[in-house]
Amino acid sequence: MPGSNRVAAVVVTFNRLELLQRLLERLDVVDGLDEVIVIDNASTDGTSQWLAELDGAEGVSTGSTAGRAVPVVAHTLERNSGGAGGFHDGLELAVERGADLVWLMDDDGLPDADCLALLLKQSDLDFWGPLVVDERDPGRLVFPIRLPGRSKVVHQLADVEAAATDGLIRDIVIPFNGVLVTRDLVEKIGYPRAEFFIWGDDHEYRLRAEQAGARIATVVGAQVRHPAVGDLGTPMAWGRATYNHTPSDLKHYCMARNNLLNLRDYRGWPFALAFVAKTLWFYLLTKPEPKRIRLSAQAWWAAIRGDFSGHERFLR
């Protein structure tokens with residue numbers, strides 16, 4: 001990738017001050033990074049105050065940060081808009097500030113020091129990122145990958161490495177955990193759907209990029225270390241399928257609503273209805289939870305109506 005490109009990292013954070021501080025320390029020693037934009041989703045743990053002291057200004061600061069190799073620009077939102085709203089605003093701000101490449105990440109991941117350098121070696125991609133590995137078990141993926149052209153979902157780093165061609169898994173990427181997106185692609189497809197709040201906004205953005213003909217890939221040698229996230233990819237139907245179960249009602253509601261929309265809009269109603277059937281199977285047979293079926297039905301009905309307010313009851 002030509003050295004003249006301006007690279008900005010966008011970090012979205014909410015009530016994880018210690019993790020944010022750890023991440024910013026790491027980003028300050030990453031070569032090739034021009035600035036870090038932090039979008040604070042109205043945190044209540046002192047994050048906004050710490051950021052204000054860090055860059056010396058309320059809201060958006062355009063000045064350099066004393067004592068830091070990489071300037072930090074902080075923007076605190078008036079209300080929690082979720083990861084979707086945070087990445088929408090952060091990506092928009094990065095483009096407005098002249099970024100040619102934007103490196104998108106949550107506050108709980110930690111890219112290896114050479115992660116960006118390895119990503120920047122790729123010169124023919126539009127939307128690409130690292131593997132996301134368990135910080136306590138680096139040989140295991142945090143987000144399982146279904147390899148292109150295969151039905152098998154892989155959980156181990158070794159399986160992905162064995163499947164790579166020239167160090168890449170093409171047509172697969174896990175946003176927004178250290179992914180790079182080009183300014184040209186953003187100008188072509190727009191910004192993440194802020195109304196999704198969480199869970200599915202990143203997948204929708206990848207689907208939109210794919211629909212626009214973007215060149216997508218995972219760079220196997222580049223890694224972000226991330227805490228384990230629970231039972232993602234829980235086996236079901238005698239091991240023939242998996243389901244992304246989460247103990248959080250908020251996350252499940254958003255997943256059920258947003259995933260139904262993504263499948264309907266990008267794959268068609270047969271795939272959307274298959275997701276409904278899969279959810280019913282999982283919570284009736286694999287992990288019986290009648291309450292989750294009711295919650296799923298509420299989310300699906302909201303999706304059909306285009307109502308994106310239902311998740312707000314879990315925030316009160």
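Here's a short walk through the aromatic rings in this predicted model.

Let's start with the whole structure: a search through it turns up eleven aromatic pairs. One of them is made by phenylalanine 196 and phenylalanine 308, and this pair is stacked. The ring centres sit 5.8 Å apart, with 25 degrees between the planes. Why does that count as stacked? Because planes under 30 degrees apart get that label.

Phenylalanine 196 is in the loop between helix H6 (183–189) and helix H7 (201–211), while phenylalanine 308 is in the segment after helix H10 (290–305). That puts the partners 112 residues apart, so the pair links distant parts of the chain. As for burial, the cut-off is under 20% relative accessible area. Phenylalanine 196 has 0% relative accessibility, so it counts as buried. Phenylalanine 308 comes in at 18%, so it counts as buried too.

Tyrosine 243 belongs to strand S13 (residues 241–243) and tyrosine 283 to helix H9 (residues 269–286), so their contact ties together parts that are 40 residues apart in sequence. Are these two tyrosines buried or exposed? Both tyrosine 243 and tyrosine 283 are buried.

Along with Phe275, Phe282 and Trp300, Tyr243 and Tyr283 form one aromatic cluster.

Finally, a ring can also have a charge for a neighbour. The charged end of arginine 313 sits over the ring of tyrosine 253, at 5.0 Å from the ring's centre.

Technical notes
Residues numbered from 1 in each chain as written. Predicted model: local features only at pLDDT ≥ 70, side-chain atom pairs only at ≥ 80, totals over all residues. Heavy atoms only, no water. Phe/Tyr/Trp six-rings, centres within 6.5 Å; stacked < 30°, edge-to-face > 60°. Helix = DSSP H or I, 4+ residues; strand = E, 2+ residues; numbered from the N terminus. Buried < 20%, exposed > 50% of the residue type's maximum accessible area, 1.4 Å probe, protein only. Lys NZ or Arg CZ within 6 Å of the ring centre and 35° of its normal.
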